Amino acid sequence: MHDEPDDDDLDDRHLDPGDNDADDEAEKPRGARRRLSSSRNWLALITEAERIYDDYQTRCDNIDRLYANLSALAQLNRDRQYQLFWANVSVVAPSIYSRPPVPVVVPRFKDRKALPRVASELLERSAAVGLETEDIDGEMKLIRDDLAIVGRGVPWLRYEAKGKGASFTEKVCVEHTDRRDFVHDPARKWKEVDWVAKRSWLTKRQMSKRFKPISGLAYLDCAYSKRKDDKDADDGRLKAGVWEIWSKSLGKVLWVSEGCVTVLDEDKPHLELEGFFPCPRPAYATVQRRTLIPVPDVMFYKDQLEEINEATARIAALTDALRVRGFYPAGAGDIGDAIETAIKAVDDNQVLVPISNWAAFGNGAAKDTIVWLPLDQVATTITQLVALRKELIEDVYQITGLSDIMRGQTEASETLGAQQLKSQYGSVRIRDRQDEMARIARDIVRISAEIMAENFQPKTLLEMSQLDIPTDAAIAAQMKPLQQQAAKIQQELAFAARDPEIARLAKANPQEAQQIIGAAQSQLQQLQQQIANPRTFC
């Protein structure tokens with residue numbers, strides 16, 4: 001059994017743009033609060049985007065099976081394969097990401113002002129706590145694996161608030177998005193993307209909780225089914241795929257689902273983000289020129305992998321054939337039986353084969369009683385295949401840029417400079433991937449901090465950051481003695497200006513009088529600045 005989520009758990013908003021045709025008039029489903037626009041154009045946009053990326057998705061399905069397929073690996077009679085792709089990913093993945101990101105929030109300008117400094121520390125601490133509670137390391141590793149295996153990793157962020165009063169909680173959720181559950185407007189570069197969409201799979205009960213108050217019974221028309229693309233990860237319940245579309249040009253967020261003629265919900269973005277989308281630019285490895293279609297790294301050395309597997313299969317077949325085999329004359333009586341018994345005493349398998357027409361093998365001499373099957377050619381062929389496979393593996397390492405030092409291999413005769421050169425060569429080839437993972441981590445922290453700053457309650461931020469920042473009431477109480485002190489100084493200065501006795505003393509010693517008045521005025525100015533900007537001095 002699976003626990004059904006609360007209504008707040010289903011408040012995931014995100015979808016796409018497009019003008020409705022004249023025939024797509026707004027409808028009002030049964031029980032809906034308002035008329036809702038047609039979903040036909042939105043579903044058509046998503047279908048077209050999926051068609052453009054269909055070849056990429058098909059290739060990725062094959063690559064996923066090539067990387068790790070338990071049923072195929074468990075077969076006993078399968079062809080032998082050299083698992084080089086899995087080995088390469090196991091080396092590259094930890095090289096491009098190995099530790100969870102640590103948020104760093106600092107003022108853009110180093111002017112040492114107290115307010116920006118305190119605000120930065122508040123956001124930095126809150127972001128660190130938020131990412132830790134969301135298991136950012138696990139999500140980043142999923143993004144990293146997608147980047148290393150299929151060439152694209154996508155995160156998605158959302159704001160979630162639950163409860164009321166003392167039980168009120170809020171957080172920023174960071175989620176890895178499956179490659180088939182993310183589509184966007186086809187474009188040449190990310191800046192030209194006008195809409196992005198993320199698919200969530202909801203049961204009928206979840207759909208009712210999330211959309212019935214808005215679109216009435218429209219959710220009943222959605223296409224509920226089992227996930228065919230993820231049958232090994234499907235829980236067996238009937239679910240509908242709901243696309244959450246964020247349209248930059250229309251400034252809207254919409255929810256549509258296959259089978260439903262109207263949108264399930266549409267509204268202005270509930271998050272006001274600088275980049276509009278609740279996701280950063282995906283982490284890309286290589287993209288097809290003038291498009292955003294990823295090209296997985298394995299496609300660049302797929303031919304070499306196939307040749308390596310073919311060589312491995314031949315080596316395995318020849319190795320099985322590399323066994324001692326001999327022939328002896330049939331009907332030789334006790335001599336033949338003795339030879340066979342002697343050989344079988346060493347190996348349970350039959351080694352000698354009786355030949356009736358022995359004249360074709362020997363001339364009947366004693367030394368020709370047994371003729372052994374020649375193995376030199378088989379052994380030589382295996383040696384040549386092993387050497388060929390080694391050359392093919394080196395070709396793969398040249399293509400991927402995996403140097404010997406990254407694989408942990410070296411030679412005692414190599415100098416330190418040679419080893420450093422190998423390491424630098426390998427790091428240059430994967431530096432783009434490392435920079436891409438660093439950018440994704442930075443963008444996740446940036447969007448997370450933006451959501452916190454604009455949506456979190458002050459109490460939540462203070463609890464997360466554990467900072468002792470005074471409240472407005474505390475600041476007002478702290479400013480009251482300063483205001484009284486400033487008023488007293490003003491009164492004293494005004495009295496000194498009117499008192500003839502003080503004027504006579506000042507005339508007798510003007511330098512000392514000027515110093516006293518200047519000190520009082522300076523103190524008054526400082527007090528007035530503190531009163532005008534109380535948080536700057538707290």
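Reader: Which residue stands opposite Val183 in β4?

Author: Val183 stands opposite Ala197. This is a predicted model, in which local features need pLDDT of at least 70 and side-chain atom pairs count only at pLDDT 80 or more, while totals for chains, interfaces and linings use all residues. Residues are numbered from 1 along each chain as its sequence is written, and side-chain values use heavy atoms, with hydrogens and water left out.

Reader: How many bridges join strand β3 to β4?

Author: Three bridges join β3 (residues 182–184) to β4, and the two run antiparallel. Strands pair if DSSP finds at least two bridges between them; strands are DSSP runs of E with at least two residues, and helices are runs of H or I with at least four, numbered from the N terminus.

Reader: And how many join β4 to β5?

Author: Eight bridges link β4 to β5 (residues 240–247), again antiparallel. Within β5, Trp243 is the bridge partner of Arg199.

Reader: Why is β4 described as largely enclosed?

Author: Seven of the eight residues of β4 (residues 195–202) are buried, so the strand is largely enclosed by the rest of the structure. Buried means under 20% relative accessible area, exposed over 50%, and partly exposed in between, with a 1.4 Å probe and protein chains only.

Reader: Turning to the nonpolar cores, which residues have the most contacts inside the largest one?

Author: They are Met140, Val196, Met207, Leu264 and Ile444, in a core of 78 residues. Helix α11 (residues 416–455) provides the largest share, nine residues. A second, separate core of 13 residues includes Leu43, Ile46, Ala197 and Leu254. A nonpolar core is a set of buried Ala, Val, Leu, Ile, Met, Phe, Trp, Tyr and Cys residues joined through side-chain atoms within 4.5 Å.

Reader: Where is Pro103 found?

Author: Pro103 is in the loop between α4 (84–96) and α5 (114–133).

Reader: Is Pro103 buried or exposed?

Author: Pro103 is buried, with a relative accessible area of 6%.

Reader: What does Pro103 touch?

Author: Not counting residues up to four places away in sequence, Pro103 touches Glu124, Ala127, Ala128, Leu131 and Val445, contact meaning heavy atoms within 4.5 Å. Pro103 and Val445 are 342 residues apart in sequence, and 6.3 Å apart in space, C-alpha to C-alpha.
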